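Colleague: I would like to learn how to read ligand shells, salt bridges and aromatic pairs in a model. Can we take them one by one?

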Amino acid sequence: MDDLIAELAGVLGEANVFVTPEDQAPFLTDWLGKYHGAARAVIRPGSTAEVAAAMRICARHAAPVVPQGGNTSMSGGATPDETGKAVVLSLARLNSIRDIDAVGNTITVDAGVILAKVQQAADAAGRFFPLSLGAEGSCTIGGNLAANAGGVAVLRYGTMRELTLGLEVVLADGRVWDGLTALRKDNTGYALRDLFIGSEGTLGVITGAVLKLFAQPHARASAFVAVAGAAAALSLLGAVRDRCGDRLTAFEFMTGDCLSLILRHIGDARLPLAAMPQAAVLIELSDQDDEAGLRERLEAALADGIEAGLVLDAAIAQDGAQARAFWRIREGVSEALVREGKAAKHDVSMPVSAMADFVAAADAAVHAVAPGISPIVFGHLGDGNLHYNLLPAEGQDPAAFAALAPELTRVVHDEIGRRRGSISAEHGIGQLRVSEMPRRKAPLELELMHQLKHLLDPAGLLNPGKLLPPSTKN
Ligand code: FAD
Ligand code: MLT
Ligand code: ZN
C-alpha cells in the first residue's frame, strides 16, 4: 500500500478508501458514458474535518483531487483523467440535513445531500426548495453549487447561485473557510461565496451550504401546447407573462423532432395532443392557493394565444397525474438522447429575444457542414437557455459524424458568439468544452481566472483539466 493510500486509510478508515477497479468503477465514468478515467484511489470522507485532513494529505503528496457528488455532470466535470494519478473525493457520505429554520426560511445541509432529499425535507417543514432538474434523484447539493445548476424553475426562482446564502469550503491546502451564514444582506467585502459557486471543483471542495426556502405553492396549473416553432413560442411566452406574471414557474420548449425522439425511446411517455406538432411548450404556473383561479388564468392566456395564432393545440392538465405525465415527456429527453446514440451536445444561452433567430441560423450552419443532420432542440426558453443537440443524419456512419463534431460545435458556438451568448448556460465547461475556452473567453477574463486559480490552488491539484485551459502565461 503506497504512503498516500496508507495515510488516507489511517484518517478515513480502509472501508472508505477504494483502490480496486471493481470498487472504483462507478466513480470513473460519466453519466453520458463519454469519459472513462482512472484513479489512484476513490475516497469517501464522512465529515468536513475528514475532507480537510484528506486534502492536507493529498497536498503533501502532490496528488490531484477530483471532487465528485452524484456524478451526473453533462460535461465530464467529475470524471478523472486517464493518468491514474488523481484521487476522486466523493462527498456521498456528507449527507446530513444540518438545520431547518422555518422562520428564517433557510435550510443548512451537507454538500453530499441529494437534491431530492432537500426538496423532501423542505416539504416536510411546510416550505419549498425550488431547484428542480431531471437528475434530482441522484445529483447532490455540492454538485449543484459547483456547476451552478439551473433546471426547470429558474424562470421564477433563479439559478443555484441565487438560491444560496452561505457556504463551507475546504481549500486545496486543507484550510476550511466557514462562510455558513444565513444572511440575506452582508456587505463586508468580496463575495467569496459566489466565486466558489460555478467553479466546478477547481477552487475548493464545498462541504456545506445554507440555502433559501420559499412558501410552498399549493396550486399548480400545467399545459402542453403545440406551437409552430421557437418564434411562436417566444411570443407566447410574452403573452403568458402578461396574463400570469410571476406565477409563471416553467416554460420548457421542445421541437417536434425532439418529441418524436422521446416517444421513440421513453415507453411511458404519451403525447397529450391530437397530432405531432412542429414544436411544443410545457407551461407551468404555481401559486399559494386557488388552483381553479390559476387554471382560469392559464386558459385565458392560451385563449389569447389561440386568438393571436400562436397556439395550434393545447392540453391542460386536469390533475396532478396528467401534469406529471407532461413532465415525464420533458424529463425523458436526456435518456432518449443517450439511447439514440452519441449526440453532439450544446448547452447554450443568449438574450431571450435572440433565440428564434439563433435556432434558424444554427440549423442552417450545421446543415451546411453535415447535410441531413438532425438537430434535437429543447430547453428552458424563458431563461434564454437551449440544449442544442445534434444527431447523425439517417444512416450516417457514427465515426464520420464524430469526426465532424468539432466543426459542428465551432459553427454552433460561432452563432452563440455573434449573439454575445454563453457556450455553457448551466452544465459547466468540465472537460467537454475546455478546448473552446480560448476561443470564447476574452484573454483578460482567462488571465484573471488563472490568477484566482493560482491564488487558491497554487499547485493546481483541484480538478485538473476542467474548466480552465492551460495558462499561456506560465
Ligand atoms: P457531479 O457530476 O458529481 O459534479 C459536477 C461538477 O461539480 C464536477 O466538476 C465536480 O468536480 C464538481 N463537484 C461536485 N461536488 C462538488 C463539491 N462538493 N465541491 C466542489 N466541487 C464539486 N443541470 C442543470 O443545470 N439543469 C438541468 O436541467 C439538468 N438536467 C439534467 C438531467 C439529467 C438527466 C442529468 C443526468 C443531468 C442534468 N443536469 C442538469 C446536469 C447535472 O445534473 C448538474 O450539473 C448537477 O448539478 C451535478 O450535480 P452532481 O452532484 O451530480 O455533481
Ligand atoms: C435538461 O434540461 O433536460 C438538461 O439540462 C439535460 C440535457 O441537456 O440533457
Ligand atoms: Zn437543462
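This is a predicted model: local features need pLDDT of at least 70, side-chain atom pairs count only at pLDDT 80 or more; totals for chains, interfaces and linings use all residues.

Colleague: How many residues are around ligand 1, and which come nearest?

Modeller: A residue belongs to the shell if one of its heavy atoms lies within 4 Å of the ligand. There are 36 such residues around ligand 1. P67, G69, G70, T72 and T140 come nearest.

Colleague: How does the shell around ligand 1 divide into nonpolar, polar and charged residues?

Modeller: The division is 14 nonpolar, 20 polar and 2 charged. Keep in mind that Gly is counted as polar.

Colleague: Which backbone atoms lie by an oxygen or nitrogen atom of ligand 1?

Modeller: Look at the N and O pairs. A polar backbone atom of G70 is 2.8 Å from an oxygen atom of ligand 1. For G77, a backbone N or O atom lies 3.2 Å from a ligand 1 oxygen. I206 also takes part through its backbone: an N or O atom there is 2.9 Å from a nitrogen atom of ligand 1.

Colleague: What percentage of the area of ligand 1 does the protein bury?

Modeller: Start from the ligand taken alone. Ligand 1 then exposes 970 Å². The protein buries 96% of that.

Colleague: Now ligand 2. Which residues are around it?

Modeller: The residues around ligand 2 are M74, R330, S334, K345, F378, H380, H387, E426 and H427. By class, that shell holds 2 nonpolar, 4 polar and 3 charged residues.

Colleague: Which side chains have a polar atom by an oxygen atom of ligand 2?

Modeller: Take S334 to begin with. An N or O atom in its side chain is 2.8 Å from an oxygen atom of ligand 2. H387 places a polar side-chain atom 3.0 Å from a ligand 2 oxygen. For H427, the distance from a polar side-chain atom to an oxygen of ligand 2 is 2.6 Å.

Colleague: How much area does ligand 2 expose when taken alone, and what percentage does the protein bury?

Modeller: Alone, ligand 2 exposes 260 Å². The protein buries 87% of that area.

Colleague: On to salt bridges. How many does a search of the whole structure find?

Modeller: The test is geometric: a side-chain nitrogen of Lys or Arg within 4 Å of a carboxyl oxygen of Asp or Glu. The search finds 24 salt bridges.

Colleague: Where do R418 and E415 lie?

Modeller: Both lie in helix α14 (residues 398-418). They are 3 residues apart, about one turn of the helix.

Colleague: Is R418 buried or exposed, and is E415 buried or exposed?

Modeller: Buried means under 20% relative accessible area, and exposed means over 50%. R418 has 59%, so R418 is exposed. E415 has 11%, so E415 is buried.

Colleague: With which residue does R193 form a salt bridge?

Modeller: The partner is D194, and the closest N and O atoms are 2.9 Å apart. R193 is partly exposed, at 24% relative accessible area. D194 is partly exposed too, at 25%.

Colleague: What about E445: which residue forms a salt bridge with it?

Modeller: K441 does, with the closest N and O atoms 3.6 Å apart. E445 is partly exposed at 36%, and K441 is partly exposed at 28%. Bridges can also share partners. That joins R410, D414, E436, R439 and R440 into one network.

Colleague: Last topic, aromatic pairs. How many does a search of the whole structure find?

Modeller: It finds 6 aromatic pairs.

Colleague: Why is the pair of Y157 and F214 called edge-to-face?

Modeller: Planes over 60 degrees apart count as edge-to-face. The planes of Y157 and F214 stand at 70°, so this pair is edge-to-face. The ring centres are 4.9 Å apart.

Colleague: Which parts does the pair tie together?

Modeller: Y157 lies in helix α6 (residues 154-157) and F214 in strand β11 (residues 214-215), so the pair ties together parts 57 residues apart in sequence. Y157 is buried at 12%, whereas F214 is partly exposed at 23%. With F128, Y157 and F214 form one aromatic cluster.

Notes. Residues are numbered from 1 along each chain as its sequence is written. Chains are lettered from A and ligands numbered from 1 in the order in which they are written. Side-chain values use heavy atoms; hydrogens and water are left out. A polar contact is a pair of N or O atoms within 3.5 Å; within protein, one must be able to donate a hydrogen and the other to accept it, and residues adjacent in sequence count only if both atoms are side-chain atoms. Accessible areas come from the Shrake-Rupley method with a 1.4 Å probe; for residues, only the protein chains shown count as cover. Buried means under 20% relative accessible area, exposed over 50%, partly exposed in between (1.4 Å probe, protein chains only). Helices (H or I, at least four residues) and strands (E, at least two) are DSSP runs, numbered from the N terminus. Rings of Phe, Tyr and Trp (its six-membered ring) pair if their centres lie within 6.5 Å; planes under 30 degrees apart count as stacked, over 60 as edge-to-face and the rest as tilted.
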